[in-house]
Amino acid sequence: ILNYDIMARFRRRTCIILLLFILFICSIMMALKTLRPDRAGFGDPFGLGLLPELQQRTVLLDSKQNSLNRAQGDTVTRASNLHSIAVNTMKASVSSVRKLEEELSSPNYNFHIFYYTWYGNPQFDGKYVHWNHPLLPHWDPKIANNYPKGRHNPPEDIGANFYPELGSYSSKDPTVIEAHMKQMRSASTGVIVLSWYPPGMADENGEPTDDLVPIVLDYAHKYNLKVTFHIEPYKDRDDRSMYHNVKYIIDK
């Protein structure tokens, strides 16, 4: 019984000491908390500048995270703007095509017009092409002697019976190509017969024009025109080369 009383008193004393110790620690924590600044970082838990290296690293991490968040926000904003621009462009394009269809005559696909893309000028080609070809002599030598010889002298004197409304243009000018498509569609043309030489080939007065085919097709499609190819005569043209020409046009 005596041992039991001693143990009971020891336990009560121990509990009281532990309780007092806990209260003491809590009091210290509360006192230190009142000294903590509002913007203390992780490395400064009680506002006393503890663990300064960890505090500096934490500040750097916070700064990087803020920069990353701003960058992500800017990226989302730019993507949203690009999407809006693309949508508006598509709407404008569709609206423009619909307006053209309402203004222009319906295409007649039995009506064909030959189209040549071999003209050039200094602005786009660095020189005149085809506008300045040699003066064509009369087939009768006696009559031909009564006319001047040499070459045409653009921009006023050109190798054509009629002066074009667009002047001595370049066939590489996209605005010219579109203007031609609109003119042909306005005349109810349905099919463009495109003069074509194989890649790297041209007539004696021109230059290769195969690279212009894609843009011609694009603008023809815009104006609901069909395109067929007039393969011009060239040296050593035969059935085999024609087969490869047609295959090239289809595959391209």
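A cavity is a set of grid points where a 1.4 Å probe fits but cannot get out. The views below come from a predicted model.

**View 1. The largest cavity.** The largest cavity holds about 90 Å³ of space. Its lining includes a run from Thr 117 through Trp 118 and Tyr 119 to Gly 120. Asp 125, Val 129, Ser 171 and Lys 172 also line this cavity. Glu 207, Pro 208, Thr 209 and Leu 212 complete the lining. By class, five of these residues are nonpolar, four are polar and three are charged. A search of the whole structure finds three cavities of 30 Å³ or more.

**View 2. The second largest cavity.** This cavity has a volume of about 70 Å³. Thr 117 and Trp 118 are part of its lining. The lining divides into four nonpolar, four polar and two charged residues.

**View 3. The largest pocket.** About 410 Å³ of space lies in the largest pocket. It is lined by 16 residues. Closest to the centre are Phe 114, Tyr 115, Tyr 169, His 180 and Gln 183. Strand 1 (108-115) and helix 5 (174-186) are the elements that each give two or more residues to this lining. By class, the lining has 13 nonpolar residues, two polar and one charged.

**View 4. The second largest pocket.** Here the space is about 210 Å³. His 133, Leu 136 and His 152 line this pocket. Ile 158, Gly 159, Ala 160 and Asn 161 line it too. Four of the lining residues are polar and three are nonpolar. None is charged.

View 5. Helix 6 spans residues 213-222. Its buried residues are Val 213, Val 216, Tyr 219 and Ala 220. They cover an arc of only 135 degrees around the axis, so they lie on the same side of helix 6. On the other side, Asp 218 and His 221 are exposed.

**View 6. The surroundings of helix 6.** What do the buried residues of helix 6 pack against? Their partners are helix 5, strand 2 (189-196) and strand 3 (226-231). Asn 224 follows helix 6. The phi of Asn 224 is positive, near 60 degrees.

Methods: Residues are numbered from 1 along each chain as its sequence is written. This is a predicted model: local features need pLDDT of at least 70, side-chain atom pairs count only at pLDDT 80 or more; totals for chains, interfaces and linings use all residues. Side-chain values use heavy atoms; hydrogens and water are left out. On a 1 Å grid over the protein atoms alone, a cavity is a set of points where a 1.4 Å probe fits but cannot get out, and a pocket is an open set with protein on both sides within 12 Å along at least five of seven lines; lining residues have an atom within 4 Å of a point. Grid points are joined across faces, edges and corners, and a volume is the space filled by probe spheres set on the points. Helices (H or I, at least four residues) and strands (E, at least two) are DSSP runs, numbered from the N terminus. Ala, Val, Leu, Ile, Met, Phe, Trp, Tyr, Cys and Pro count as nonpolar, Asp, Glu, Lys and Arg as charged, and the others, Gly among them, as polar. Buried means under 20% relative accessible area, exposed over 50%, partly exposed in between (1.4 Å probe, protein chains only). The arc is that of the directions from the helix axis to the C-beta atoms. Contact means heavy atoms within 4.5 Å.
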